[in-house]
Every structure is written in C-alpha cells, then in structure tokens.
Amino acid sequence: MNRNEGTETSSGLNRRAMLHAASLSAGLASLAAGSALLGGTGAAHAAPAAPFPAHPPWRMVFVNHVTTNPFFVPTQYGIRDACDLLGCTSQWTGSANADVAEMVNAMNAAIAAKADAIAVPIVDPRAFNAPTAKALEAGIPVFAYNADAPSDSGNKRLAYIGQDLYQSGYSMGERIAGMIDAGLVVIFIATPGQLNIQPRLDGAIAAIKKSGKKIEVQSIASGATVNEELSRIRSFYLGHQDVKGMFAVDAGSTQGVGEVMQQFNLPSKGVHAGGYDLLPKTLELIQGGFLDFTIDQQAYLQGFYTVMEMFMFLASGGLSGPAEINTGLKFVTKASVAPYLTSKTRYEGSSTDPALVKRSGPINI
C-alpha cells in the first residue's frame, strides 16, 4: 500500500466493480425471465436497482498530521475500502512530522483544487479555523477525524469521527491508579499540546489525582517518529530506574514503552505499563506480558465512517451526513489479545488483503 503524501487512489477498481455489478444484474434479470418462461411459480422480478444514482467519482481529501505513522495504516484501508464501495477516490496528504503549517497548506491546496470533501484531524485549537471556513464558503464539506477542535475554538467543521479522547485518558488513569499505589509514574506523549493526544494525557492525570494515591506523575515528550520515541523512553528509564509505571497516550510511544519493558525485563521488577492502539509489535508485547494493556480506538473506522459521512453529504445535497461518531474505547489485555494476533486483517492494519473474520460462541461484553 502506498502511504506517500498526496497519493491518490485509482478508480480502476471502481470501474471493475461497476462492470461486475452490471454483469451480475443482467445475469439475475436473465435468470428471472428464464424462470417465468419455464413456468416458474412466480412472475419474473426485475433486478434490484442500485442504492444510489450514478454520480461523479467524488474526491475525498484526507489531510493528516503524521502521514507515515503506522497507526494510520488501517485508517487508510478504511478510506480506500469505503471509496471503492461507493465509487469515489481519495487523497492522503498533510505532514509527516506533525507540522501544523504543512497541514494548513495541504488544506488550502485541496480547496484550490476543488476537492469534493475534506477531512482533517484538528490538532491545533485555532490553526484550522480559517481554512475550514474557506472550504465551507466554497461549498466543500469539512469533517474532523481522530482529533477535534475544542468546543470554544470557533471551528465550524460539520462533525467529528473518532474517540472521546479525554474520557479515554480518564479511563486509563483509573486503571493506572488501580495497579499502582505510590511512586513515580511517567506518561509519554509524542507531541504535547496536539489535540489528538493531549486530552488523553489531561484525562489520565485528572483520574490519578482524583484517586488520592501518592503517585507522582511526570509527562515526557517522546517525539513524532517511532525511533525517536524509543530512544527517549529508553533514556528516561535509564535515568529513573525507580519508576513504578510507564505509560503512553499514542501508538508509537506505547510500542516504545513495551520494547523498553522487554529490554530490561521490567515486569519482573514490578513495573506496570500500557498505552494505546494496535500496532502489531504492541500486541506481541501484551501477549509476552511486557504491557498490561492497550486501548483500541478503531483506526479503520475513523477512515471508513468519515468517507461514509462525506458521501452521504454529497449524495443528499447536504440534507444528510454530518453526525458525531465515537469510535470507542476497548482495553485489550493478555486475556483478550489472542484474536488480534491470530486474525490478520485490514481492520487492524496487519494484512493488505480483504477478509471475513469468522467468530463463534457468545459475545461477552
């Protein structure tokens, strides 16, 4: 899968899908007519109509703050799958290293190129107000995904699709306080202040403080790339070997925490650890007992649902589409990690191939 900035999906698959659907419809119609001619018990039925009228291959532009970050691999699969399903195209662009100015430039470029819809993680409380207003004035709908503007920011995006970030952080803080009674706890954050992760940190600290336990919390900036994060996490541990817990609020830092926990066998010293997202290495580290948990926010759905809302806005002339969607919070632990490791799917970014994942037995909530 091409994850380069500005990569636009091909419409070839869309054309093949439409030709296949037309062929299938014609075949069904022939079978129905043949049944009537042969004395079938019922009258011939026309093939079902397509759910939507013919439409242009609308171009959905997704601006992102870390375009090459592995967390967004399943998000890009979700975008591609929804576009293929609906006969649209997409573009993935933005910044590779959380540069807000580059993201704003990408939005302005999309507006100038007359994108049909734009989605953006609003990682800064004010920087995206002007380009959002400019897009809306030009008739281009704007949706927030993965990160949302504060309610008092003045941003006019149509809807937010993603996790309730503060509440997820608060839930993580409660879990930390349930595992650790006292001592130093560090929470790593890739880029402090960014609205896709800062609310998690704020929520976690609030919950730990509310617990009343004698826990000293430090927050450390780990950096925007996986290698940088691992290096800073290792350096912190070597200078603070009395730490009781190491946690993170982003995918790359969570993997780095797990790798440091493994390198120094910290579970054997009573150190706890956890964080966010389903990077393959993170899941392996949970199974190995080096991370206590990770939190799933369903990255695939942040792409898939956003395209669905964009499409419905365009298909309905703006009468339908925008809706707030919380993509959820689920703790994945050693007791529940096995299906994530044994099922290789696009939904978690562990496979490039479409697949139906079979399950059986009761659904335990």
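A contact, as I use the word here, means heavy atoms within 4.5 Å. I'm working from a predicted model, where local features need pLDDT of at least 70, side-chain atom pairs count only at pLDDT 80 or more, and totals for chains, interfaces and linings use all residues. Residues are numbered from 1 along each chain as its sequence is written, and side-chain values use heavy atoms, with hydrogens and water left out.

**Whole protein.** I looked at contacts between residues at least 6 apart in sequence, and 74% of them join residues at least 24 apart. I found eleven helices and 13 strands; these are DSSP runs (helices H or I, at least four residues; strands E, at least two), numbered from the N terminus. Of the 365 residues, 48% count as buried, meaning under 20% relative accessible area with a 1.4 Å probe, protein chains only.

**Helix H6.** I checked the span of H6 (residues 198-211): its 14 residues reach 20 Å from first C-alpha to last, close to the 20 Å expected at 1.5 Å a residue (1.5 Å times one less than the number of residues). Its buried residues include Pro-199, Leu-201, Ala-204 and Ile-208. Among the elements covering them I noted helix H5 (165-179) and strand E7 (182-189). Just after H6, Gly-212 has a positive phi of about 80 degrees.

**H7 against H8.** I saw H7 (residues 226-239) and H8 (residues 251-263) pack at about 45 degrees, axes 8 Å apart; axes are lines fitted to C-alpha atoms over the stretch in contact, and angles run from 0 to 180 degrees between N-to-C directions. Residues making this contact include Leu-230 and Ile-233 of H7 and Val-257 and Val-260 of H8.

Technical notes. Buried means under 20% relative accessible area, exposed over 50%, partly exposed in between (1.4 Å probe, protein chains only).
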